[in-house]
Amino acid sequence: NMVKRIIAAVLAASALAAGVSALAGCAQETYVEYTLYSSTDEVIRTDKLSENPNEEVEGQPSEDELEEAPAGSYYMVTGYSGRPVDVVIPAEVNGVEVRGVGEQAFIQSRYLHSLVIEEGVSTIGGAAFAFNRALTTVELPSTIQTTYSTFSLCESLTSITIPEGVTKISSRDFYRCSSLSEINADGESDVNLPSTLTAIENQAFRKCASLKGAVVIPDGVTVIEYLTFAACSGITQFVFEGDITYIDYAAFTGCTALGSIEIPSTVTFIEEGAFSYCTSLTEIALPSSLEYMGSNVFEGAAVTSVVMPAGKGAWLYTESLAEDDPETEEDESVAPGSEEAEDYLFNFYLNDELEGDPDAKGRIPSYALADSGQAAEWVTGELLTAYWYFVAV
């Protein structure tokens, strides 16, 4: 029996060794896939290029053996294989321009740890690096333009360089990058957005809980899109350098550390829920330029003082009034205070004496709005769901 057990153990060990050897023989080679396109955007061929210059990829011709690329052709990075732990995407390969990274090229990579894209590469397709759970650092060139969801759900991404020259951070580019704490960190501040930005699109930094301190919004950005900074629970202040005109739906919702914000004097519209659940925000001043404030703007917030637009009264409605469609010849807009708007008036009277007066329903005169404490009670309480239209008096 002892002999049989020894023989069985030897056979098992041999089988295991054979299995490991077989697996080793089947191991994926590591390479990045470059697809060559003609000047008319037709696929010419796909080259598999190793990240290790001393390592050849099976079946891939050497640099000397590659057929010469036609004039005007270019490469796009379209995929990868194996374990590309540290990837550098060059501006050219074998004398041919590398124009960009294709859509979903590295999506769900389990091994990519660092990424450098060289100066001159101009595009990154949608979700190109999304779900890269091991990616920690990224360096982008000033020439890059992203599409959407570039680094969404890269939960280990801690640091990124976005240099001067970049004009746009696209929709959901850093959505749920929960470890992201440094953007162009310089020793004085961990978050420094490039001054050349003209757009930060919707949900760009949504749920980036590790961003901390003050964030400066560059001069060229005029719109804060919906959910752009939602649930950025470590940001304490936003500073607007330019002429912001529009703050969209829930743009700052859930910024629980936000203690102060100075809304620019150029803002005309603030949409629903913009500052909802900002549980550290106690005071806010609305500029005299403001014409419209949606419902639930301060829902769940801690505001106890709201300075209303100077010199303006307010009409309150149960829903947003119709606006003009610029594509039609007829003006479809409904003006606050007009007969067309009466059916949407909020059931509010300034006091009991005015109740029942049709001319007083849903209206707050400017003198009543001057009480910042009362205004705070209204916008967090009984008038929370009202749509506010501010008009000069």
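Leaving aside its neighbours within four places in sequence, which residues is Phe151 in contact with? Before I answer, a word on what we are looking at: this is a predicted model, in which local features need pLDDT of at least 70, side-chain atom pairs count only at pLDDT 80 or more, and totals for chains, interfaces and linings use all residues. Residues are numbered from 1 along each chain as its sequence is written, and side-chain values use heavy atoms, with hydrogens and water left out.

Now the answer: with contact taken as heavy atoms within 4.5 Å, Phe151 is in contact with Leu115, Phe129, Ala130, Leu135, Val138, Leu140, Leu157, Ile160, Asp173, Phe174, Tyr175 and Cys177.

Let me step back to the whole chain, which has 3 helices and 25 strands, where helices (H or I, at least four residues) and strands (E, at least two) are DSSP runs, numbered from the N terminus. Of its 393 residues, 44% are buried, and buried here means under 20% relative accessible area, while exposed means over 50% and partly exposed lies in between, with a 1.4 Å probe and protein chains only. If we take the contacts between residues at least 6 apart in sequence, 45% of them join residues at least 24 apart.

In soluble globular proteins, nonpolar side chains tend to be buried together. The largest core here has 93 residues, and those with the most contacts inside it are Phe151, Phe205, Phe275 and Trp388. Helix H3 gives the most to this core, with 4 residues. A second, separate core of 9 residues includes Tyr292, Tyr317, Leu321 and Val334.

Let us stay with H3, which covers residues 372-380 and in which Ala375, Ala376, Trp378 and Val379 are buried. Seen down the helix axis, these buried residues fall within an arc of 165°, so they line one face of H3; the arc is that of the directions from the helix axis to the C-beta atoms. They pack against several elements, including strand S22 (305-307), helix H2 (366-369) and strand S25 (387-392). At the start of H3, a side-chain oxygen of Asp371 comes to within 3.1 Å of the backbone nitrogen of Gly373.

My next stop is Glu271, in the loop between strand S19 (269-270) and strand S20 (283-285). Glu271 is buried yet has no salt bridge, and the nearest side chain of opposite charge, Lys312, is 15 Å away. A salt bridge would need a side-chain nitrogen of Lys or Arg within 4 Å of a carboxyl oxygen of Asp or Glu; as for charge, Lys and Arg count as positive and Asp and Glu as negative, with His and the chain ends not counted. What Glu271 does have is a polar contact of 2.7 Å between its side chain and that of Tyr246, a polar contact being a pair of N or O atoms within 3.5 Å, where within protein one must be able to donate a hydrogen and the other to accept it, and residues adjacent in sequence count only if both atoms are side-chain atoms.

Finally, two loop residues: Ser38, between S1 and S2, is buried, with a relative accessible area of 15%, whereas Pro70 is partly exposed at 41%. Their C-alpha atoms are separated by 7.1 Å, although Pro70 and Ser38 are 32 residues apart along the chain.

Methods:
Core = buried A, V, L, I, M, F, W, Y, C linked by side-chain atoms within 4.5 Å.
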